[in-house]
There are 2 protein chains.
Amino acid sequence: MDAYKGDIIYTAAPDSFTVLQNSFILVKDGIIHDICQVLDSDHKNITLHDYSGHLIIPSFIDMHLHSGQYMQKGLGMDKPLLQWLESYTFKEEARFSEQEYAQAVYESFCEELIENGSLKSVIFATVHKQSTEILFEKLIEKGLSAYVGKVNMDMNCPMEIQEGTITSLKDTEEIVLKYCSQPMVKPIITPRFVPTCSRMLLQELGKMAFKYNVPVQSHLSENREEVQWVKELFPDCQNYSRVYNSFGLFGQTPTIMAHCIYLTKDGKELIKNNGVGIVHCPQSNFNLSSGIMPAAEYLNNGINVFLGSDIAAGHSMYIPDIIVSAVQASKIIHMKNPQYMPLTLAQVFYMASTGPENLFPGSGKLQKGMSFDALIIDDERKEGTVEERLQRFIYTGGKEHIKERFLRGISLKKSRV
Amino acid sequence: MDAYKGDIIYTAAPDSFTVLQNSFILVKDGIIHDICQVLDSDHKNITLHDYSGHLIIPSFIDMHLHSGQYMQKGLGMDKPLLQWLESYTFKEEARFSEQEYAQAVYESFCEELIENGSLKSVIFATVHKQSTEILFEKLIEKGLSAYVGKVNMDMNCPMEIQEGTITSLKDTEEIVLKYCSQPMVKPIITPRFVPTCSRMLLQELGKMAFKYNVPVQSHLSENREEVQWVKELFPDCQNYSRVYNSFGLFGQTPTIMAHCIYLTKDGKELIKNNGVGIVHCPQSNFNLSSGIMPAAEYLNNGINVFLGSDIAAGHSMYIPDIIVSAVQASKIIHMKNPQYMPLTLAQVFYMASTGPENLFPGSGKLQKGMSFDALIIDDERKEGTVEERLQRFIYTGGKEHIKERFLRGISLKKSRV
């Protein structure tokens, strides 16, 4: 058994931090066996890892990001969504037809996930089957936990990344079959978004998700122009959410939808009733002038909201940056609508460390019976309460303050220094 | 003569970048003597500093920050302005009655300015004369350029940092006399803001600024509650700007005012007509739920807008973070009022590198006759145009990419590694 000593802080519930100062987490086979204030004679054969004075926090989860846009981070930040896709993104994604390129980029991508402490993630790859498999293999090799989606897209996009419908389905099914029993890196059905998918593609992806009980991710109501486009494409559907729902891609299996800025009343109810998780990507929404997700309103209405970097529309893959932006975004909404209070740091930390229970069960809680998925933070200054120290780390710290990264009790090491 | 070779980029005007790829900046006695594409036989006795493949950009200017809040960065981020002052800030500033504390903190503070490439700044110290002098000496010792204000505050604040009016004036005048002929670190008259200054104090500070021709800085219209408070304190004044103006603290000598979120039409006209520079501090304004400065509207109306970190209401002292936030803030305004276009990166880079002409003449321009105040950026990836590389550095880079820092041609070195 291993014992990790330090100042433990996490969110057992979304509204407040749980703090256990100067305590021990006992870990056996990757699972938290106990948490205690002293190691007494009952605890035998223990290897002590003494991180006294350091913070022990749950590892971060990036619930929405595009590995195929990794090299594009920080470019095109002067364009709204649809122009940004045309002028930068589709061109960059097309490069993943080359496997050597995917090998090189995904090595760096995985390394950055580890460095940043984002040990769990839900990823959009590209349309390319081989490159997507390279990403699966890299993530497995690095010991990370993830859901990876080969992107599906058979219309309304440049020819070099447009798939045939049949090929798109066949490639997806092969990936699902190859990886669905993987313990750590699993497939997720990933239609890019409604406008780039034919009805047949959406229909068959819905069936495939159900047949293999595979989760689903996509984009929803990110931008007013896009919402209007979907309305024109599906005039028969009441709203954007209903389009996914009509194809069995909206909670029929575990589902997460990124952005969800412009939702109708019915759309919100469907999300809630179908148990769809939604992903707030504030950096991306600011950068593309998409809008601001009313996260506090959604939380009040019992919708589950998580956090994503959405690189490369978001420019930072470092989750504490996204936490700060999410708090700021909620303050901007609060200034306009004072009835919605700003999100607290505890609320957003919960969103950043606790994934959907049906995708990452037990995440975010450093409690008995849970997987030991944690970061050791050397916050240097040490002054103040544990909660203040966490706040200072989130607002002013950097990945250089993350000293160790544990996933299921295994220490993940950076290859780059 | 020294020659610096690299990819030069700066904003000669606010609306676009000037790019000189693979060029030489010739520097003599700290002044840019010439810029050329080749070093020919006319150029003799030249020491070449070859930064080929690196970016050469102007150094940053932080136009508004509080050195006395340096240790508080990243704390209290869940409170609006007036509560934040009460619960954290005033207590922290009170610690600067101890000179040992000031010595230690200001050493780190100056080091961080250098690391971040903020080689010029305009600083609020605290009310304490000795500690403020310590800050002057530290900045001089480090070779930085700055305006430093001993804060004036004789009412509406906790007793431990409240000054007597006479003492406040006497201490300020002594500092002005001691440092006004300093070439690099100069005094600036710094009434904290209207609510903490008696009429007599404001009156005499205005006279002092005029008598010694010393610039002025303060806060203006940061928050609705504060604007209301000023209205109650000065019912006879048309608006907040007019209060400063009535005491000769509004452009009678070079003046900058931080925040300026809630301005009346008359207030804006007074700013423009009196040539007052205003400082946009978007991180701070988000964190304290203050509001969003309509910077694009002000620029359209011919008002000069600069950029400030406003630590510790802002949590980052790294100017590229503030640039990104300023662009994002302008996008939030654009989404609400589409007639105001988002600020471009060039516009905000200009705000971040070009100070007011009456405080930092010639700043931001890597041109013949200007001071060589520049940063050498190793942007690692190198891919793309020089403008794209700068954008990538601003959005995704960090201070670790700043390889050299020059002020008046002198290389400033970090003491910390």
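Biologist: Is B:K142 buried or exposed?

Modeller: This is a predicted model: local features need pLDDT of at least 70 and side-chain atom pairs count only at pLDDT 80 or more, while totals for chains, interfaces and linings use all residues. Residues are numbered from 1 along each chain as its sequence is written, chains are lettered from A and ligands numbered from 1 in the order in which they are written, and side-chain values use heavy atoms, with hydrogens and water left out. Buried means under 20% relative accessible area, exposed over 50% and partly exposed in between (1.4 Å probe, protein chains only). With a relative accessible area of 12%, B:K142 is buried.

Biologist: How many residues apart in sequence are the parts that B:K142 and B:E111 tie together?

Modeller: The two side chains meet in a salt bridge at 2.8 Å, N to O; the term means a side-chain nitrogen of Lys or Arg within 4 Å of a carboxyl oxygen of Asp or Glu. Helices (H or I, at least four residues) and strands (E, at least two) are DSSP runs, numbered from the N terminus. B:K142 lies in helix α3 (residues 129-142) of chain B and B:E111 in helix α2 (residues 99-116) of chain B, so the parts that the pair ties together are apart in sequence by 31 residues.

Biologist: What is phi of A:K382?

Modeller: Most residues other than glycine have a negative phi. A:K382 sits in the loop between β15 (374-377) and α13 of chain A, and is partly exposed at 29% relative accessible area. Phi of A:K382 is positive, near 65°.

Biologist: Which residue does a cis peptide bond join to A:I311?

Modeller: Most peptide bonds are trans. The cis bond here has an omega of about 10°.

Biologist: Which element gives the most to the side of chain A that touches chain B?

Modeller: The contact (heavy atoms within 4.5 Å) takes 31 residues from chain A and 31 residues from chain B. There are zero salt bridges between the two chains. The elements that give two or more residues to this side of chain A are α9 (282-287), α11 (319-336) and α13 (386-396) of chain A. With six residues, the one that gives the most is α11(A).

Biologist: Which three residues supply 19% of the area that chain A buries against chain B?

Modeller: Buried area is the accessible area (1.4 Å probe) that two parts lose on being put together, summed over both. Chains A and B bury about 2800 Å² between them, 54% of it on carbon and sulfur atoms. Supplying more than any other three residues, these are A:Q328, A:K331 and A:M335.
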